[in-house]
Amino acid sequence: MNNEKYHINTKNVPTFYFIGVTTGKSSIMKVFPLWMKVLGREDVIMEGVDCKIHDDPEVYRQAVAQIKYDPNSLGALVTTHKIDLLSAARDMFEYLDPYALITDEISSISKLDGRLEGHAKDPLTSGASLDAIIEKDYFAKTGGQLLCFGAGGSAIATLLHLVNKTDKGDRPSKFAFVNRSQGRLDHAKEMVSNLKTDIEIEYICNADPKVNDGIMEKFPPYSVIINATGMGKDTPGSPITWEGKFPMNSVSWEFNYRGELDYLHQSLAQVESRNVKVEDGWIYFVHGWTQVVAQVLHFELTPALFEKLNEAASSVRGK
Ligand SMILES: NC(=O)c1ccc[n+]([C@@H]2O[C@H](COP(=O)([O-])OP(=O)(O)OC[C@H]3O[C@@H](n4cnc5c(N)ncnc54)[C@H](OP(=O)(O)O)[C@@H]3O)[C@@H](O)[C@H]2O)c1
């Protein structure tokens, strides 16, 4: 018997939780019922669990206990609290996947044969998104490199994906993190020190957008420039200024799809003058959610099924 508290699922229906901060504002609230229809699982409902940033460990343990012990609670997608939740409730999991062990975070909580499982899906999902944005052999064909503003969970996940690419042409020669605080860079460095890679990794501590302009301008044509800072959604502004010049023919990827999205607008302003290809975080959102829904509901996410789910999600985009 467990000692953890959890509420009885009074609705008595299969429930998929979304553990985040402002879950009600996410597009998933509109998308999820459409997906359940596509999957023939209209019995499953979505419930948001809003926690404060760096919440009390007990709050995270209760959210995990809910899923672990209530048969109607099927699992959850976790954002923002990926590291804090795992550190508060690690002992409650019977299985953690290899990426969760490397990154010390989880984005998926699910159950299989009575055991509670945690998966870190970000390396798969940011990777699948990047693969949809750039073609095979992109880095060998173009000589582009990768510059990532931010060194948080999603930035590190993107690096892990590239490190694990088996063909050299799919790995950039250089990956640079630029982060506001040194702590995250040290954490990234420590994680990477256990990996074998021929990618040159640079760690730059900086929060001055003007300095970031200069860093970005030194990157070769066709480089991939990422905004993984959350600026323009979680916090105001952009990591670069309006004077910053993107490398010619570069790919600019903003990880978010909602908010002020200043960086996205700065990128769009250089589509013609510098032939910048611009992507927002929508495809990342769809990959992220479909992977976790497949893990929790135990179905195979084939490319055909992904397309159906992507189509259903697109039908409510921006509404
Ligand atoms: N579309 C999607 O489905 C999707 C999926 C994943 C992530 N995202 C978005 O991507 C963003 C990042 O996610 P995450 O999980 O990686 O978040 P995170 O772990 O909080 O990382 C954000 C990082 O950016 C750094 N940062 C903030 N402002 C900066 C600046 N001005 N210059 C340089 N670095 C700066 C932070 O540094 P400090 O350590 O100093 O705070 C932190 O390390 C979030 O906004 C998230 O919503 C979207």
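Biologist: How are α5 and α11 oriented to each other: parallel, antiparallel, perpendicular or oblique?

Modeller: In this predicted model, the axes of α5 (residues 122-133) and α11 come within 9 Å and cross at roughly 140°. Angles over 145 degrees count as roughly antiparallel and 65 to 115 as roughly perpendicular, the rest being oblique. The two helices are therefore oblique.

Biologist: Is the crossing of α5 and α11 left-handed or right-handed, and what classes of residue make up the contact?

Modeller: α5 passes α11 in a right-handed crossing. Residues of α5, among them L124, S129 and I133, meet I283, Y284, H287, G288 and Q291 in α11. By class, this contact holds six nonpolar, six polar and one charged residues.

Biologist: At what angle does α1 pack on α11?

Modeller: Helix α1 covers residues 28-39 and α11 covers residues 282-297. Their axes are 12 Å apart, and the packing angle is about 50°. That makes α1 oblique to α11, at about 50°.

Biologist: Which side chain has an N or O atom 2.6 Å from an oxygen atom of the ligand?

Modeller: The ligand is surrounded by 22 residues, the closest being S154, N179, R180, D234 and F255. The side chain with the 2.6 Å distance is that of S154.

Methods: Residues numbered from 1 in each chain as written. Predicted model: local features only at pLDDT ≥ 70, side-chain atom pairs only at ≥ 80, totals over all residues. Heavy atoms only, no water. Axes fitted to C-alpha atoms, helices over the stretch in contact; angles between N-to-C directions. Helix = DSSP H or I, 4+ residues; strand = E, 2+ residues; numbered from the N terminus. Parallel < 35°, antiparallel > 145°, perpendicular 65-115°, else oblique. Near = heavy atom within 4 Å. Polar contact = N/O pair within 3.5 Å; in protein donor to acceptor, adjacent residues only side chain to side chain. Left-handed = near helix turned anticlockwise from the far one by under 90°. Contact = heavy atoms within 4.5 Å. Nonpolar A, V, L, I, M, F, W, Y, C, P; charged D, E, K, R; others polar.
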